[in-house]
Amino acid sequence: MKNIVHAFAGSPLDRAGVKRPDAAWIAEQAHSDAARFLPFVDLSAVIHAQDDAADRLLWLSGADLTGNNIATLEDALFLGLNEQNAARFAVSLDSAKDWTDLGRAMDLRTLAVNGTIDASELAIAGQAKSMLEWHKQHGFCARCGTADNVADGGYKRVCPKCERMHFPRVDPVAIMLVTRGDKCLLGRSPHFVPGMYSTLAGFMEPGESIEETVRREVMEESGISCGHVAYHSSQPWPFASSIMIGCIARATSDEINIDPAEIEDARWFDRDEIQSMRERKHPEELTIPFRFAIARHLIRAFLDGWEG
Ligand SMILES: [Zn+2]
């Protein structure tokens, strides 16, 4: 299998894990003329205003931020160094200030669906959004409740009172295509677009292996039992900050019994039917997810003959 780089993965930035604990180095990077800042408003990226071409991220200079009085360099989160060793940061603009001359706000799901943005820019935007969102929600120490401080350029927070360190969280989600010979199991959640069927998925819980999460979630949602579970690939998913762990699992039973609290339908599909969904030629107008979702690639692996 060739090495798959999913949407939101493949950032070209060097996260500089050795250098970033040095606060003076971070400050020097932020004040460098070569530094650029990726602006967000309410967790949507502010991108270039032109709407007649591909979506492009808007990289502001420190002078753009301070000159317009829309953010301070000290509040920027360090993302990494580009290939020219220039620092890249994420910054939340003050939504009360007028930033609308700079560009237009676009949420990351729309950016991904549009599919015109450069893949490496989408990966950087995903990292930025996940980090900004975590800091927005973690201003206080989870152990003692004291207001804590940003450290390592934003890769951690440290409590000044109890010295507890807190790290940006990543929530693991198992997402699995279930196969049964020449059929695969897809389901639909009530919030999907009409007609779309996708792979089942669920958050991992403490004390579970990935294989155990896969078998539990498939049983809970569809009543199908699974045996062998194979790892396929993974995808960072910035809603809010998950890692989608893509697997292909072999079912050991046939009879579907859905949990209506989780999904509204699940069915077995054969390869011909999946192919028609992929080509948008299905007689019931059923479809599979967009290309930016790992689910589509798991379904594609099944079409290519992988049964887990
Ligand atoms: Zn504390």
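Visitor: Is C141 buried or exposed?

Guide: C141 is buried, at 4% relative accessible area; here buried means under 20%, exposed over 50% and partly exposed in between, with a 1.4 Å probe and protein chains only. Please keep in mind that this is a predicted model, in which local features need pLDDT of at least 70 and side-chain atom pairs pLDDT 80 or more, while totals for chains, interfaces and linings use all residues. Residues are numbered from 1 along each chain as its sequence is written, and side-chain values use heavy atoms, without hydrogens and water.

Visitor: Which atoms coordinate the zinc ion, and what is the geometry of its site?

Guide: Ideal angles for four tetrahedral donors are 109.5 degrees. In this model the SG atoms of C141, C144, C159 and C162 coordinate the zinc ion at 2.3 to 2.4 Å; donors are N, O and S atoms within 2.8 Å of the metal (3.2 Å for Na, K and Ca), and sites may look incomplete because water is not among the atoms. The angles among the four donor atoms run from 100 to 118°, and the site is tetrahedral (four donors with all angles between 85 and 135 degrees).

Visitor: What spacing do the donors follow along the chain?

Guide: The spacing is C-x2-C-x14-C-x2-C. C141 lies in the loop between α4 (119–137) and β6 (149–151), and C162 in the loop between β7 (156–158) and β8 (165–166), so the pair ties together parts 21 residues apart in sequence. Helices (H or I, at least four residues) and strands (E, at least two) are DSSP runs, numbered from the N terminus.

Visitor: How many residues of α4 are buried?

Guide: For α4, 15 of its 19 residues are buried, leaving the helix mostly covered.

Methods:
Tetrahedral: all angles 85-135°; square planar, octahedral: opposite > 155°, others 65-115°.
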